[in-house]
Amino acid sequence: MAEKDSINGSEMEEIVEDKDQKLNIPRKLPILLLRDIVVFPYMIVPLFVGREKSKNAIDFALSSHRMILLLTQREMETEEPKREEVYDTGTVALIMRMLKLPDGRIRILAQGMSRARLLSYEEENGHLAAQVEIVPEPEAVEKTLESEALVRNVRGGLEKAASLGKTIPPEVLIIATNVEEPGRLADLTGANLDLKVADAQGILDTIDPIVRLKKAYELLAKEIEILDVQSRISSEAKGEMDKLQRQYFLRQQMKAIQKELGEGNELQEEIKGYQEKLKKLKVAPEIREEVEKNISRLAQMHPESAETTVVRNYLDWMFALPWNKSTVDNLDLKKAKAILDEDHYGLDKVKERIIEYLAVRKLSKKIKGPILCFVGPPGVGKTSLGRSIARALGREFLRISLGGVRDEAEIRGHRRTYVGALPGRIIQGLRRAGSNNPVFMMDEVDKIGADFRGDPSSALLEVLDPEQNNSFRDHYLAVPFDLSKVMFITTANLLDPIQPAFRDRMEVIHLPGYTEEEKLEIARRHLVPKQVKENALSEKLIRFTPGAIKTMISRYTREAGVRNLEREIASVCRKTARKVAEGKTTQSQIVPASLESFLGPAKIFKDELRKKDRVGVATGVAWTETGGEVLFVEAMKMKGKGGLLLTGSLGDVMKESAQAALSYARAHAKEWKIEGKIFGQNDFHIHIPEGAIPKDGPSAGITIAASLISLCTDRKVRWDVAMTGEITLQGNVLPIGGVKEKVLAAQRAGVRRIILPAPNKKDLIDIPSQVKREIEFIFVETIHDVLAAALVKGRRRT
């Protein structure tokens with residue numbers, strides 16, 4: 001509530017008493033400005049108040065005398081009217097009720113009491129106030145023939161207006177019949193004719209009752225004439241319309257009224273605007289026909305109907321889409337290659353593919369946009385690579401995440417059956433881009449869901465098919481849109497969850513992970529400068545040595561990407577920033593020896609390989625979502641009856657590999673000089689550590705076999721040899737997948753020799769040359785070759 005103001009003595013001297021209301025009206029009153037209504041004396045009206053000054057005025061009135069001056073402004077759009085922008089005459093009203101609404105507005109019920117003329121107009125205590133001069137109703141004079149005739153004409157006019165369809169409550173007609181005073185009858189008439197503000201204010205400004213009643217009667221006569229024309233138009237239109245077309249009839253009636261009055265409306269102006277836009281729009285005939293049809297429908301609708309909003313939104317979308325707007329591609333191959341190299345280190349396959357596309361695009365303008373799928377573990381730069389490609393091509397970049405999306409309408413859009421309908425995210429993205437050839441990245445396509453609302457993966461089949469997406473139909477648009485110029489890039493961590501048909505649409509490019517040397521370069525070129533800048537540091541305040549970065553890579557992170565490495569670098573920068581904030585001004589040299597003070601003890605230990613040859617312990621490598629990991633297979637025998645116990649959260653495939661390895665060892669016991677009774681008198685326990693992590697797959701077959709045969713022959717397994725491959729009962733070694741990830745994992749762990757199936761020799765083309773120099777590759781075809789390379793030569797121990 002506004003602060004309560006006291007009424008001083010000078011104001012109390014000119015308190016006016018209204019004879020009819022028996023209320024004292026102060027000389028100074030708070031002002032409530034009205035936009036589009038004039039309130040007359042004796043009129044009870046509900047008012048909604050939203051402006052702060054008006055709210056404060058109501059608060060002041062309620063806290064004092066409950067009276068307020070209702071003053072109409074000349075222009076309803078003006079937010080802060082000045083003195084010359086309001087009328088001189090208003091109505092003093094009594095606030096009968098007040099209600100605060102949830103949206104912050106106030107609703108009051110006010111009763112007009114008396115006319116008042118404005119003497120001053122000022123702002124005080126957050127509200128408008130005015131010195132007023134009360135204009136009392138003139139004393140009744142002796143009735144004349146003219147006044148009596150005028151009163152009768154007004155009464156009859158009100159009854160005729162009601163009979164012609166004017167909304168005049170019956171109680172108003174009863175009051176008009178009983179009112180004898182011309183002035184009061186004029187006010188009653190003006191209050192019930194829905195007059196324009198200027199006309200109603202003219203009645204309020206007029207003090208003489210007879211003159212006022214004449215004005216009211218002139219306006220009433222004009223209204224009766226309009227109602228009469230309306231009635232005639234209604235009769236003519238009714239003869240042309242059918243009863244089942246009532247809504248259409250009302251629209252025709254409205255048009256006829258507007259024609260008779262010579263008025264237009266905003267909707268017609270809007271339709272003209274759409275027609276002008278359509279002339280400039282270069283689209284296919286089918287699309288133009290659909291737009292024309294909807295413009296015609298809009299012209300036949302009522303402006304306030306819900307369907308009008310639906311059609312208007314549809315037309316706005318159709319004119320906002322980039323049907324034929326394309327950005328110009330950067331066809332300078334050297335410049336594009338330089339941009340790609342600037343943003344990302346390594347990733348040669350991807351860069352080569354983009355340069356190939358640009359080369360063909362330079363030679364032919366009809367080439368369709370490629371549809372690429374980047375598959376790799378988190379943190380290898382899939383999303384940032386898409387942004388870099390857009391920059392290299394000179395195109396707009398759009399990204400949407402499809403992880404967890406379950407509704408088909410997210411892709412194809414909603415049908416236009418309700419007000420909130422929207423196009424799918426593909427069309428929405430193109431509108432944001434403003435061109436029909438952006439680089440469009442869809443993240444996490446391997447995490448798309450499906451339920452009763454549809455299957456988004458199936459909906460994407462049309463989007464990502466170069467043979468179909470030149471006429472993609474969004475449910476909302478209902479017309480084809482050409483997506484063939486868009487370069488679609490999808491990302492995924494795994495290929496297996498992606499539908500086979502969906503996967504078939506895309507050109508899959510694997511991003512398996514980075515070597516330590518690549519991570520060092522990425523950190524030096526990108527991560528360190530980025531974190532130094534984000535933490536408000538500079539090269540004068542912090543410097544990372546290559547040795548420190550290498551130590552962070554090998555001792556504090558073990559991942560295929562560089563996300564955790566960036567976090568560790570950020571942690572060092574934050575701690576340095578704290579020292580700078582505390583007053584340190586010298587440069588902080590980050591060296592391997594100082595890392596522990598910043599990051600704590602090392603989290604990864606390279607001596608995990610247990611630099612010692614052991615019996616029954618073999619080193620394997622496995623593919624994981626994060627790139628690859630080294631794992632150990634431990635075998636142990638104890639007194640028993642030849643049973644096999646498997647632990648370590650092994651899957652069915654891995655359990656079968658262990659059983660196959662044991663069967664091979666038993667079948668070839670003589671060949672490996674294993675005593676036959678060892679299998680009948682002992683139980684075998686095979687365990688793969690980190691039991692909380694589920695493990696499965698066939699590639700641990702030779703590792704399990706080497707561990708078992710090492711145990712049975714008492715020959716040690718070399719600690720620096722890792723292996724991967726599937727074993728058969730005949731002792732053959734079969735090829736496996738994920739070679740690059742496994743080799744990189746072995747390199748990170750410090751392995752110097754790795755055993756691979758001979759058919760996987762072709763996969764070495766994907767291995768970085770630095771890794772090939774550090775690791776010796778041994779290719780095997782049978783388990784004999786494996787054991788010859790993995791087991792230490794010599795006699796069995798005693």
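**Notebook: a parallel sheet and a helix pair**

I looked up Ser401 and found that this residue stands opposite Asp443 in β12. I note that the model is predicted, that local features need pLDDT of at least 70 and side-chain atom pairs pLDDT 80 or more, and that totals for chains, interfaces and linings use all residues. Residues are numbered from 1 along each chain as its sequence is written, and side-chain values use heavy atoms, with hydrogens and water left out.

**Sheet.** I traced β11 to β12 (residues 439-443): 5 bridges join these parallel strands. Strands are DSSP runs of E of at least two residues, helices runs of H or I of at least four, numbered from the N terminus; two strands pair if DSSP finds at least two bridges between them. I recorded an open sheet of 5 strands with parallel pairing, in the order β11-β12-β15-β10-β16. Its edge strands, β11 (397-401) and β16 (507-510), each pair on one side only. The twist from one strand to the next averages 20 degrees.

**Helix pair.** I then examined α19 (residues 516-534) and α21 (residues 563-581), whose axes come within 10 Å and cross at roughly 45 degrees. Axes are lines fitted to C-alpha atoms, for helices over the stretch in contact, with angles from 0 to 180 degrees between N-to-C directions. The angle makes α19 oblique to α21; oblique covers what is left after under 35 degrees (roughly parallel), over 145 (roughly antiparallel) and 65 to 115 (roughly perpendicular). Among the residues in contact (heavy atoms within 4.5 Å), I listed Leu527 of α19 and Ile569 of α21.
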